Amino acid sequence: NDPQCSFCGETSSCGYRTSDSACVSVVRSSATCAIITPNGPSNQNVPAGPPPSSDSAGLIAGIVVAIVALVAIVVLFIVLFIRRRRAGRKSKPVPLTEVEMEKIAFHGAVRSRRLTRQDQPRVGQLGVLEGLLTDDNMAIPVVLFNITPYNEIDRTAQSLVYIFEGNRHALPLIFRMIDIEVAGTTQSGTLFRLNSAASKMLTAYSSMIGLKYVFDTLSVEMHDLLVGTAGGEITAEVDPTKVNPNDDNVDLSVNKYELMLHAQKILSAILRSIDKVPPPMRQICQHLRDEVEPRFPDAVHTCVGGFFFLRFWNVIILSPENYGLAKSPPSQASRRVLVLITKILQNLANNVVFGEKEQFMVQPNDF
């Protein structure tokens, strides 16, 4: 292993010599070694020389490690960038201004100008009408609902709620309508399930006073869900008749858990918000319990749950664009997922499971 041949004095690149009369200098460009003899170099097919020295091997290993580390850092930065971009996209629901909240709460009926002296005669006449409507016996609103056509019930309920709330009489009016419905019902299963005056007023009033509470509670979850379903990242269809049977990417068992996941997210957000429920809504729940329990003691929880979910949360979840949770109507895929989630929440509130009526919904019964 002398670096210099003892016979010819030539320096070998690998320091390998075969005998006293010949030395080998490996030419790495091919499998042929140059053998240096006293008669000059000659090319022969001989075994390649020994491996590189430890210094060369260490250098090569260092270069490989550096390349691997560089690639790992680049991949890490890409992953972090994608996550941050997704997080930024999914956690920024657009906040509502006071004007937007007023438009939503009053269905577009916002104040366009301040009242002037010229308005006083008209205001005075309307004041007389308000005085008649808001009389303590609530006789006129009850009669109005008895003669109102079916297609005008929603508008009538909204108008009366706005008028009575302006006179600080909305809760007494709603309590009166609840009392009338409970007294006139013979079966607990029909309580507040029909399009009655009490049901319409409960929806109109709760959505009017609970708008900020709704946005604070569900804006992030709804934003993420609508973005994910619209972009195809979330698929939660569990009805086999509504999916393409030839699509290998559709797995109903996976969709079931996707649906349950987002139902759980919305339910958890609602449960975390219980301490923030507006006091008037709490009073309504208490009045429902006080009136229903003497007549239908087994229906108390389903009755309160029917108001809180069927008449409040489910209405908002089904139409997020009407309550400031979406700037535009959801896509067809998004709306379908919202429908399925409301079905789950309502059955949960009613303490029942899915059965033969909707066989495909039996899968989320685990929820």
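I took helix axes as lines fitted to C-alpha atoms over the stretch in contact, with angles from 0 to 180 degrees between N-to-C directions. Helices (H or I, at least four residues) and strands (E, at least two) are DSSP runs, numbered from the N terminus.

The model is predicted, so I note that local features need pLDDT of at least 70, side-chain atom pairs count only at pLDDT 80 or more, and totals for chains, interfaces and linings use all residues. Residues are numbered from 1 along each chain as its sequence is written, and side-chain values use heavy atoms, with hydrogens and water left out.

Entry: fold. I found 12 helices and four strands in the chain. Of its 367 residues, 37% are buried (under 20% relative accessible area, 1.4 Å probe, protein chains only).

Entry: helix pair. I saw that the axes of α11 and helix α12 (residues 332-350) come within 9 Å and cross at roughly 170°. That makes the two helices roughly antiparallel, a label for angles over 145 degrees. Their contact (heavy atoms within 4.5 Å) includes Phe-309 and Leu-310 of α11 and Leu-338 and Val-339 of α12.

Conventions
Buried < 20%, exposed > 50% of the residue type's maximum accessible area, 1.4 Å probe, protein only. Parallel < 35°, antiparallel > 145°, perpendicular 65-115°, else oblique.
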